[in-house]
Amino acid sequence: MPSFSFPPGFFWGASTSSYQVEGNNNNNDWFLWEVEGKVAFSCGRAADSYQRFEEDFQLAKFLGHNSHRFSLEWSRIQPHEKEFNKKEIEHYRQVIYSLLEKDIQPIVTLHHFTNPLWFYQKGCWVNPYSSDYFARYVEKISRELSGLVKYWITINEPLVYIYNSYFRGIWPPGENSLRKAGEVLKNIKEAHLKAYQIIHKTNNKVFVSLAKHLREFSPCHFLNFGQNFVPAFLRNKFFNFELLNYFYKKKSLDFLAVNYYSKDFVRFSGGELFGKNCYSSHHQLRRNSLGWYVSPDSFFNILLRLKRFNLDIIITENGTSEERPELYEDFLRTHILSMVKAIKLGVKVKGYLWWSLIDNFEWERGFSPKFGLIGVDRNLNRTIKPFSYIYKNICINNLINYG
Ligand code: BGC
């Protein structure tokens, strides 16, 4: 059977984020959002990974992972503007030790959608000094963890955050303002640039990036292809490449951290600059349990477009939620094979992390989407899903069979 061996030292593993798995985070804007009844679900104990990280990492080790991405909860580390919490910093140090002693490379995200309440009450990312507040947190924690972490991700998916929080208004602070979205974008850009400098100043030989959500935007080819081309082009330009180009020019990406899930078919729609998504049945692609198109070809296309940056790439999120177990395996294999195709064409992919290690709190969708390699029921029992054993074989052998 033909097979492909990945470059030696390839990162295999999975990702999580603090709010989605830790549990009992009650000092941030998402918690407030839930308490105010703005969302139908509460995160509560999540998967209780704050207590059970050791058990989770043992499972990751058993599954052959050699790297793991997780995020630090800013609101634990800096519960008040003028206070850093030593105990919580020590907690994260223990989390990292637990990974290191298992030979699992920690990849640490500093901001994954949640903000401390004090920062939120100061106007959150609209505050003109927001990037300075963020920089103070980064300065403190990157010094405290200096020498322990090689791979840092400053901010997860800034545009997804801005779109949901300041444009669609479905995440805190529930704004629907283009002007504010623009200000937040400006501040988050500054925040990344400052964090990039600080982490390099406080650490030796580290690699810093920002996790960028990328998707393919194809004009719907059914009706009015010519017109549909315009919003698809604009989405691609703005949502995929504007930030990447900006940070690349500023030399503030040591590698590309890519989150890829799906593609959109885009349709022209009167007054809407970015058009509308088209879900018509004439697109013959399968959709997952959340209605997202499953397109490994788009993953390949996206990877190919990243070649021009000539930077190492780590896939920091790729995954799905499915009704039927065998569809996870199909998703996993087809996406890894797309990655293989890209690597063969010279795209420098150096790692692949599945989203997510465990089933978790999926923001406004609650606990029903199941992205985990490991299932977590509401009694918080962990069960390894069948497709995780397929992934385990790939991780352990650093090789995929195909054909
Ligand atoms: C986010 C995760 C989320 C995942 C699946 C990504 O865009 O970074 O927090 O759970 O999508 O919805």
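**Entry 1: a helix pair**

I opened with handedness: the crossing of H8 and H9 is right-handed. A reminder to myself before going on: what I have here is a predicted model.

Next I looked up the geometry of this pair. Two packed helices are described by the angle between their axes and the distance between the axes. Helix H8 covers residues 158-167 and helix H9 covers residues 178-202. I noted an angle of about 150 degrees for their packing, and axes that lie 9 Å apart. Angles over 145 degrees count as roughly antiparallel, so H8 and H9 are roughly antiparallel to each other.

Which residues of H8 meet H9? On the H8 side I listed Pro158, Leu159, Tyr161, Ile162, Tyr166 and Phe167. Their partners in H9 are Leu178, Lys180, Ala181, Val184, Leu185 and Ile188. I then sorted the residues of this contact by class: 11 are nonpolar, one is charged and no polar ones turn up.

**Entry 2: cis peptide bonds**

Proline 172 and proline 173 are joined by a cis peptide bond, and I wrote down an omega of about 10 degrees.

I also looked at tryptophan 355 and serine 356. The peptide bond from tryptophan 355 to serine 356 is cis, with omega near 15 degrees. Serine 356 has its place in the loop between strand E10 (349-355) and strand E11 (374-376).

**Entry 3: two asparagines with positive phi**

My next stop was asparagine 310, whose phi is near 50 degrees, a positive value in a residue other than glycine. I located asparagine 310 in the loop that runs between helix H11 (296-305) and strand E9 (313-317).

Asparagine 398 has a positive phi too, near 55 degrees, and is likewise a residue other than glycine. Its loop lies between helix H13 (386-397) and strand E13 (399-401).

Is each asparagine buried or exposed? Asparagine 310 has a relative accessible area of 52%, so I put it down as exposed. For asparagine 398 I noted 16%, and therefore I filed that residue as buried.

**Entry 4: arginine 69**

I finished with arginine 69, which is found in strand E3 (residues 67-71). Its relative accessible area is 0%, so this arginine is buried.

What do the side chains of threonine 109 and glutamate 317 have to do with arginine 69? A polar contact of 2.9 Å links the arginine 69 side chain to that of threonine 109. Another polar contact, of 3.0 Å, joins the side chains of arginine 69 and glutamate 317.

Conventions:
Residues are numbered from 1 along each chain as its sequence is written. This is a predicted model: local features need pLDDT of at least 70, side-chain atom pairs count only at pLDDT 80 or more; totals for chains, interfaces and linings use all residues. Side-chain values use heavy atoms; hydrogens and water are left out. Helices (H or I, at least four residues) and strands (E, at least two) are DSSP runs, numbered from the N terminus. Buried means under 20% relative accessible area, exposed over 50%, partly exposed in between (1.4 Å probe, protein chains only). A polar contact is a pair of N or O atoms within 3.5 Å; within protein, one must be able to donate a hydrogen and the other to accept it, and residues adjacent in sequence count only if both atoms are side-chain atoms. Axes are lines fitted to C-alpha atoms, for helices over the stretch in contact, and angles run from 0 to 180 degrees between N-to-C directions. Angles under 35 degrees count as roughly parallel, over 145 as roughly antiparallel, 65 to 115 as roughly perpendicular and the rest as oblique. A crossing is left-handed if the near helix is turned anticlockwise from the far one by less than a right angle, and right-handed if clockwise. Contact means heavy atoms within 4.5 Å. Ala, Val, Leu, Ile, Met, Phe, Trp, Tyr, Cys and Pro count as nonpolar, Asp, Glu, Lys and Arg as charged, and the others, Gly among them, as polar.
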